[in-house]
Structures are given as C-alpha cells and as structure tokens.
Amino acid sequence: MIVTRTPARLPLGGGGTDLPSYYSQYGSFLVSAAIDKYTYLTVNKRFDDSIRVSYSRTEIVDKVEEIQHPLVREALKLLKLNRGIEIVSIADVPANTGMGTSSSFTVGLLNALHTFKQEHVSAQTLAEEACKIEIDILGEPIGKQDQYLGAFGGVTCLDIDREGKVTVSPLSLPDDTLELLESNILLFYTGIKRSASEVLRDQSDASRQNDERVNNALHTIKEIGKQIKVALESGNLRLFGELLDAHWETKKKLSDKVTVEQIDRWYEVGKRNGALGGKLMGAGGGGFLMFYCENEDKRRLRGAMAAEGLRQMRFHIDFEGSKVLVNI
C-alpha cells in the first residue's frame with residue numbers, strides 16, 4: 001500500500017501569467033506558497049485484475065479506457081499500469097475552490113503510482129508529468145503553477161520561458177517573515193464553487209488573440225509579482241498587502257467572470273475592516289477569499305467576515321511538497 005500527501009497552494013503574485021497563451025509570447029513570473037491543506041492518494045494492489053477508483057463516486061472497471069475520471073485514466077495510461085490496482089482519494093478542501101486541488105490530485109497520484117512501480121522520480125518530473133496530463137493530453141486551459149507548487153512545496157518562484165521551460169527558485173525568507181505571513185494572511189471560504197476552466201478559457205482566448213486590455217493587465221500582474229518577491233525578501237509585508245490590492249484590481253480586467261457583485265461587496269467589507277489588500281484564490285469566480293491584515297485589525301476582520309457568513313480556514317506553509325507517507 002502506498003499513501004501520498006500533496007499540498008494545495010496559495011498564489012502570492014503573478015498568477016495568470018503561467019498560461020501557455022501568455023508565457024509563449026512574453027514569458028511568465030510568479031511567486032506562490034504551498035500550504036498544509038492536502039490531497040491524500042492511496043494506491044494498493046487489487047486481488048483480481050479489475051481497477052477500482054474511489055473519489056466522490058466509485059468506479060470498478062476491467063480496462064483503463066473505461067475509467068471516467070480523466071486524471072486517473074490518463075495517469076494510469078502514462079505509467080502503463082492497466083490492471084489489478086485500487087486508487088482512493090481524500091482531500092482537506094473541496095474541488096473548484098481555487099486552491100489548485102485538481103493538480104494536487106494529479107501530482108499526488110503520479111507520486112503514488114511511481115512508488116507503486118518502485119520508481120523514484122524528482123519533484124520536477126512529477127510536475128512536468130502532471131502538466132503533460134492536464135494541459136497537453138486533456139487540454140485544460142490552466143497554467144503550470146499548481147502542479148509545481150504541489151510537487152515542490154515551500155514559498156517558491158517560477159520563471160517560465162516562451163518554450164514552457166520552468167525554472168524553480170525557492171524563496172528563502174527569515175522565520176519572522178514566515179510567521180507573520182502565516183498569521184496575517186486570512187482565508188475565508190465564500191461557499192461559492194466554480195469551474196476555473198470557464199474563467200481561464202476567457203483569459204486564454206483573449207491573450208491568444210492579442211487582446212490589448214487583457215495582455216496589458218497580465219503584463220502588470222507579472223510586474224506586481226516581481227515587486228511582491230522583493231517585498232517578501234525585504235520583510236516589507238505591509239507593502240505586500242498593498243500590492244495584493246493592486247493585483248486584485250488588475251485581475252478583474254482579465255474576464256467578467258473573475259468576480260461577481262457579492263464577492264466585490266465582501267472584498268469592500270474586508271477593506272473597511274482592516275484588510276490592506278486581498279484577492280480570490282485561483283482564477284476567480286468563487287472559492288476562498290484571501291486578505292492580508294495586521295495586528296488588532298485581524299479581530300475586526302474576522303468578526304466582519306463571520307457576520308457575512310464566511311468561515312475562516314487557518315493554515316501553515318508546507319515545505320515538503322508531495323510526499324510518500326506510507327510505503328508498505
């Protein structure tokens with residue numbers, strides 16, 4: 001039996017520039033953090049030759065091609081595993097909430113399957129294979145941030161060149177800066193689920209068609225990402241919070257699906273109650289709302305969000321990335 005644990009991610013700056021439609025023209029830069037909200041994958045040898053897959057539903061099939069879950073099907077095909085296997089998944093946070101859980105699932109599954117085959121592969125390989133499945137094979141209009149953060153963990157910078165090559169650079173931050181980040185970033189669940197593909201497809205199509213408004217917004221977001229890296233490295237977290245606000249205002253120009261009236265109202269409530277800045281996780285449209293808030297203002301912000309019916313999710317930064325917990 002194999003059990004893997006793979007973190008979700010918290011985008012800090014530059015998100016959205018990691019889509020092929022943008023980086024193939026201009027290159028990408030972003031900084032993101034992995035957090036201790038995990039997807040767990042269990043892989044076990046099955047007594048007979050059938051394949052059993054259990055997630056929100058359960059499938060038992062005789063052939064890989066019959067599996068309905070696209071990520072499981074393509075991962076098994078990629079690793080040439082075609083019979084006598086059982087796969088079970090459990091997640092700390094639900095899908096379609098902007099935390100990159102689909103890619104965490106893919107990375108964790110690949111890690112488990114390689115271990116099942118007694119193969120040791122690098123974090124880079126796990127991330128590249130996950131990108132191949134999600135982007136190249138399944139054609140999802142997503143970027144490369146989620147796969148790499150799931151595989152590597154930590155507070156990490158990604159540089160993506162025009163050919164799609166990803167350079168991973170861990171951001172070395174002092175302990176006091178990390179503690180303040182964990183303490184001052186507050187995540188609230190909106191209760192709104194959405195498909196990232198819908199939002200990202202709009203952005204991707206516009207960027208591919210050289211939509212000046214969208215590409216200029218992405219240029220600005222990339223520059224804000226670089227400024228956020230400098231702010232974090234220098235310990236200027238107040239500036240980080242203000243840059244989050246600038247990022248959110250720019251991100252809303254990417255698609256009319258990024259936000260809705262209710263989310264805009266919650267964001268303004270957060271700003272009025274002490275938040276320096278914030279944004280929705282992932283592509284937008286729903287999921288988790290993130291704020292940066294300092295000192296005693298955090299109590300006021302928590303109270304205001306609770307009054308709006310939003311539930312806080314506490315977290316810590318994960319520095320291990322996708323990890324094999326059990327190998328029996």
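A residue counts as buried under 20% relative accessible area, as exposed over 50%, and as partly exposed in between (1.4 Å probe, protein chains only). The structure is a predicted model, in which local features need pLDDT of at least 70 and side-chain atom pairs count only at pLDDT 80 or more, while totals for chains, interfaces and linings use all residues. Residues are numbered from 1 along each chain as its sequence is written, and side-chain values use heavy atoms, with hydrogens and water left out.

**Exercise 1. Carry out the analysis for Asn-295: in which loop is it found, and is it buried or exposed?**

Step 1. Asn-295 belongs to the loop between S10 and H11.

Step 2. With a relative accessible area of 61%, Asn-295 is exposed.

Step 3. Asn-295, a residue other than glycine, has a positive phi near 55°.

**Exercise 2. Identify the buried residues of helix H11 and explain how they are arranged around its axis.**

Step 1. H11 covers residues 297–307, and its buried residues are Lys-298, Leu-301, Ala-304 and Met-305.

Step 2. Viewed down the axis of H11, these buried residues fall within an arc of 125°, so they line one face of the helix. The arc is that of the directions from the helix axis to the C-beta atoms.

Step 3. The face turned away from the buried side carries the exposed residues Arg-299, Ala-306 and Ala-307.

Step 4. The cover over the buried residues of H11 includes helices H6 (175–184) and H10 (261–272), together with strands S8 (185–189), S9 (275–280) and S10 (288–293).

Step 5. Just after H11, Gly-309 takes a positive phi of about 90°.

**Exercise 3. Describe the protein chain as a whole: how many helices and strands does it have, and what percentage of its residues count as buried?**

Step 1. The protein chain has 11 helices and 12 strands.

Step 2. Of its 328 residues, 58% count as buried.

Step 3. The C-alpha atoms fill a box of roughly 60 × 45 × 35 Å, taken along the principal axes.

How values were computed
Helix = DSSP H or I, 4+ residues; strand = E, 2+ residues; numbered from the N terminus. Contact = heavy atoms within 4.5 Å.
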